[in-house]
Amino acid sequence: MIKTDLARIVYETHGGMSYREARAVVDAILATMKTELSRGRNVKLTGFGSFNVIHRKGRMGRNPQTGERIQLPPSCYVSFRPSRMLDL
């Protein structure tokens, strides 16, 4: 499923809005989620799951080509944890 499929489903489910408006709704939801995650805030969608921002501390690593030890900077990544209500 891609973003266009979500917009189509919103359009078909809610008869009072145009396809363009449905696309705008989906874009607004995804943009809001992206903004909150980039600010380091978690996003929880009840009944679906939660997107959590994980902060990694800096650490020592190794360059696999040269074997040289290097300092890796702190970083963040997003993980998804499905809701227990979601049947997978």
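Predicted model: local features only at pLDDT ≥ 70, side-chain atom pairs only at ≥ 80, totals over all residues.
1. Helix H1 spans residues 3-13. Ala7 sits in this helix. Its relative accessible area is 1%, so Ala7 counts as buried. What does Ala7 touch, leaving out residues up to four places away in sequence? The partners are Tyr19, Ala22, Arg23 and Val26. Take Ala22: 15 residues separate it from Ala7 in sequence, yet the C-alpha atoms are 5.3 Å apart.

2. Ile9 is partly exposed, at 35% relative accessible area. Together with Met1 and Leu6, Ile9 makes up a nonpolar patch on the surface. The accessible area of these three residues together is about 300 Å².

3. **Helix H1, the charged residues.** Arg8 and Glu12 are joined by a salt bridge, with an N to O distance of 3.7 Å. Both residues lie in helix H1, 4 residues apart, or about one turn of the helix. Glu12 is exposed, because its relative accessibility of 54% is over the 50% cut-off.

4. **Salt bridges around Glu36.** How many salt bridges does the structure hold? The count is 5. Glu36 takes part in a salt bridge with Arg39, at 3.6 Å from N to O. Glu36 also meets Arg41 in a salt bridge, with N to O at 2.9 Å. Arg39 has a relative accessible area of 54%, so it counts as exposed. Arg41, at 44%, is partly exposed. As background, side chains of opposite charge can pair when their charged atoms come close.

5. **The sheet.** In what order do the 3 strands of the open sheet run? The order is E1-E2-E5, and the pairing is antiparallel. Strand E1 (43-45) and strand E5 (75-82) are the edge strands, each pairing on one side only. Neighbouring strands are turned by 20 degrees against each other on average, direction ignored. In general, strands of a sheet pair through backbone hydrogen bonds, either parallel or antiparallel.

6. **E1 against E2.** Strand E2 covers residues 49-56. E1 and E2 run antiparallel and are joined by 3 bridges.

7. Helix H2 covers residues 19-38. Which strands does helix H2 lie across? They are E1, E2 and E5. Relative to E1, helix H2 runs at about 140 degrees.

8. **Ser75 in E5.** Ser75 is part of strand E5. Its relative accessible area is 31%, so Ser75 is partly exposed. Neighbours within four places in sequence aside, Ser75 is in contact with Ile54, His55 and Arg56. How far is Ser75 from Ile9, C-alpha to C-alpha? The separation is 36 Å, for two residues 66 places apart along the chain.

Technical notes. Residues numbered from 1 in each chain as written. Heavy atoms only, no water. Salt bridge = Lys/Arg side-chain N within 4 Å of Asp/Glu carboxyl O. Helix = DSSP H or I, 4+ residues; strand = E, 2+ residues; numbered from the N terminus. Buried < 20%, exposed > 50% of the residue type's maximum accessible area, 1.4 Å probe, protein only. Pairing = 2+ DSSP bridges. Axes fitted to C-alpha atoms, helices over the stretch in contact; angles between N-to-C directions. Contact = heavy atoms within 4.5 Å. Patch = residues over 30% accessible without salt bridge, like charges linked within 9 Å, V, L, I, M, F, W, Y side chains within 5 Å. Areas by Shrake-Rupley, 256 points an atom, 1.4 Å probe, with all protein chains shown as cover.
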